[in-house]
Amino acid sequence: MPHIQLPEGLQGIRSAMAFRPETAKPLNELVEVLLHAPNSLPQADRELIATYVSYLNDCYFCQTVHGAIAAACLGDRYDLVKRVKEDFMSAEISEKLKTLLVIAARVQSGGKNVTSTDIAAARAQGATDVEIHDTILIAAAFCMYNRYVDGLDTWQPRDEALYLERGKKTAREGYVEMSKEYLPSASS
């Protein structure tokens, strides 16, 4: 049961955002830019970064919903998403993404843990400054989103199937558009 009276029937962050729409708007706009908007880093890679950080933070809702979005971007490769969470160094992902996931994990444990060696390794695999920047901001933002979801003890059903269709729809439509389902007055 949530720590405060949140709207019922909305999973995870959606209930917290519906409770306080004024804060939902900038949060949705940030995640839209980071995960859905055009970028040289593929949407699937950005969603995998969010998924992995959420996994490290043990946020069931975020790792499951963003894992479903990543899988949708990867042609329903849920197996790959699980392998990334379990051992990304052995997963069938690019070497560049592996270096970015190292950076994301360092940010998750503390921003000062990112080293110049980590950055050089990412650059050696072709990561641009924007991709490095966005990886760090995705990791930092998802530490905040995860703590928001879990700090309020939002409703997080444990049935992964409930997240699959939502993941596909969010992968197609983006976060701001999807927020209109629980924030009817939301505008893009």
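Modeller: Helices here are DSSP runs of H or I with at least four residues, strands are runs of E with at least two, and both are numbered from the N terminus. This is a predicted model, in which local features need pLDDT of at least 70 and side-chain atom pairs count only at pLDDT 80 or more, while totals for chains, interfaces and linings use all residues. Residues are numbered from 1 along each chain as its sequence is written, and side-chain values use heavy atoms, with hydrogens and water left out.

Biologist: OK, which helix gives the most to the lining of the largest cavity?

Modeller: That is α4, with five residues. A cavity is a set of points, on a 1 Å grid over the protein atoms alone, where a 1.4 Å probe fits but cannot get out, whereas a pocket is an open set with protein on both sides within 12 Å along at least five of seven lines; a lining residue has an atom within 4 Å of a point.

Biologist: How many cavities of 30 Å³ or more does the search find, and what space lies in the largest?

Modeller: The search of the whole structure finds one, and about 230 Å³ of space lies in the largest cavity, where a volume is the space filled by probe spheres set on the grid points, which are joined across faces, edges and corners. The lining has 18 residues, of which Ile13, Asn28, His66, Tyr175 and Tyr182 are the closest to the centre. At least two lining residues come from each of α1, α2 (21-36), α4, α8, α9 and α10.

Biologist: And what is that lining like by class?

Modeller: It has twelve nonpolar, four polar and two charged residues, with Ala, Val, Leu, Ile, Met, Phe, Trp, Tyr, Cys and Pro counted as nonpolar, Asp, Glu, Lys and Arg as charged, and the others, Gly among them, as polar.

Biologist: Back to α4 then, is it buried or exposed?

Modeller: Twelve of the 14 residues of α4 are buried, so this helix is largely enclosed by the rest of the structure; buried means under 20% relative accessible area and exposed over 50%, with partly exposed in between, using a 1.4 Å probe and protein chains only. Among the buried residues are Tyr60, Phe61, His66 and Ile69. The end C-alpha atoms of α4 are 20 Å apart, which agrees with the 20 Å that its 14 residues should span at 1.5 Å a residue, the expected span being 1.5 Å times one less than the number of residues.

Biologist: What does the backbone do just after α4?

Modeller: Glycine 75 takes a positive phi of about 75° there. Aspartate 76, in the loop between α4 and α5, has a positive phi of about 65° although it is not a glycine, and this aspartate 76 is partly exposed at a relative accessible area of 38%.

Biologist: Which side chains make polar contacts with tyrosine 175?

Modeller: A polar contact is a pair of N or O atoms within 3.5 Å; within protein, one must be able to donate a hydrogen and the other to accept it, and residues adjacent in sequence count only if both atoms are side-chain atoms. The side chain of tyrosine 175 has such a contact of 2.4 Å with that of glutamate 47, and one of 3.2 Å with that of histidine 66.

Biologist: Switching to pockets, what volume does the second largest pocket have, and which helices supply its lining?

Modeller: Its volume is about 150 Å³, and α4 (60-73), α5 (78-87) and α9 (161-173) each supply at least two lining residues. Among the lining residues of this pocket are Gln63, Tyr78, Lys82 and Tyr163.

Biologist: And the largest pocket, what lines it?

Modeller: About 180 Å³ of space lies in the largest pocket, and its lining includes Met1, Leu10, Ser15 and Trp155. Of these, serine 15 is in helix α1 (residues 12-19) and counts as buried at 1% relative accessibility.
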